[in-house]
Amino acid sequence: MAVDFKNSETKDNLMRAFAGESQARNRYTFAAEQAKKEKLQVVEAVFKYTANQEKEHAEVFYNHLKELAGETIHIDGGYPVDISDNVLELLKKAQHNEYEEHDPIYKSFGEKAAEEGFTEVSRSFFMIAEIEKVHGDRFGRFAKWMEENKLFASDTKTEWICLNCGYIYEGEQAPEKCPVCSHDKGYFVRLEYSPYESGEK
């Protein structure tokens with residue numbers, strides 16, 4: 001059933017999603033600051049990397065509202081207050097929120113947009129839902145490594161990359177200090193999880 005966009009639930013859902021993504025970006029920026037305080041620069045990088053992607057999601061949703069430029073959209077919604085001095089807790093909360101966005105929130109928003117006849121908007125909701133699942137998986141992986149004391153250690157020989165200078169080290173543990181730039185091990189991440197890896201082998 002085709003619905004007038006101005007009177008649609010989809011219009012409200014887009015603004016809810018824009019608000020949610022904007023807040024997630026800020027929450028992850030704050031979490032990155034906490035990780036930096038704890039000298040967990042790799043976790044800081046994960047939060048910042050994800051925050052930048054949330055900003056892009058917000059822009060996608062906001063641009064779907066272009067025809068209502070100059071108007072104000074009033075919405076209701078619930079958003080999490082994830083304040084903690086504990087980086088592990090922040091990772092777990094972020095994982096939970098990303099999974100919630102993946103399903104049920106964005107999937108239901110996508111279904112409603114399809115039902116109302118907004119195919120492109122529906123497509124955006126479904127595609128971004130899948131990205132949020134990836135975000136949740138990534139936060140969960142780093143949380144698990146922290147819980148198992150394996151953020152900088154592995155059971156097998158692993159390649160580690162320094163996020164500061166790009167030096168790659170192979171071993172079961174990240175070095176205490178980078179031999180190139182002298183940054184501490186908080187800057188090291190498994191190479192396959194580096195956002196900077198080219199993917200070329």
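## Ground rules

This is a predicted model, so to speak of local features takes pLDDT of at least 70, side-chain atom pairs count only at pLDDT 80 or more, and totals for chains, interfaces and linings use all residues. Numbering starts from 1 along each chain as its sequence is written, and side-chain values use heavy atoms, with hydrogens and water left out.

## The nonpolar core

The largest nonpolar core has 33 residues, and Val-42, Val-43, Phe-47, Leu-91, Phe-142 and Leu-151 touch the most other members. Such a core is a set of buried Ala, Val, Leu, Ile, Met, Phe, Trp, Tyr and Cys residues joined through side-chain atoms within 4.5 Å; buried means under 20% relative accessible area (1.4 Å probe, protein chains only). Helix 2 gives this core its largest share, 6 residues. Helices here are DSSP runs of H or I, at least four residues, and strands are runs of E, at least two, numbered from the N terminus.

Val-42 touches Phe-142, Leu-151 and Leu-163, among others, leaving out residues up to four places away in sequence. Contact means heavy atoms within 4.5 Å.

## Gly-171

Gly-171 sits in strand 2 (residues 168–173). Is Gly-171 buried or exposed? Gly-171 is buried, at a relative accessible area of 6%. Among its contacts, not counting residues up to four places away in sequence, are Thr-156 and Trp-160. Glu-159 is 12 residues from Gly-171 in sequence, and their C-alpha atoms are 6.5 Å apart.

Definitions and conventions
Buried < 20%, exposed > 50% of the residue type's maximum accessible area, 1.4 Å probe, protein only.
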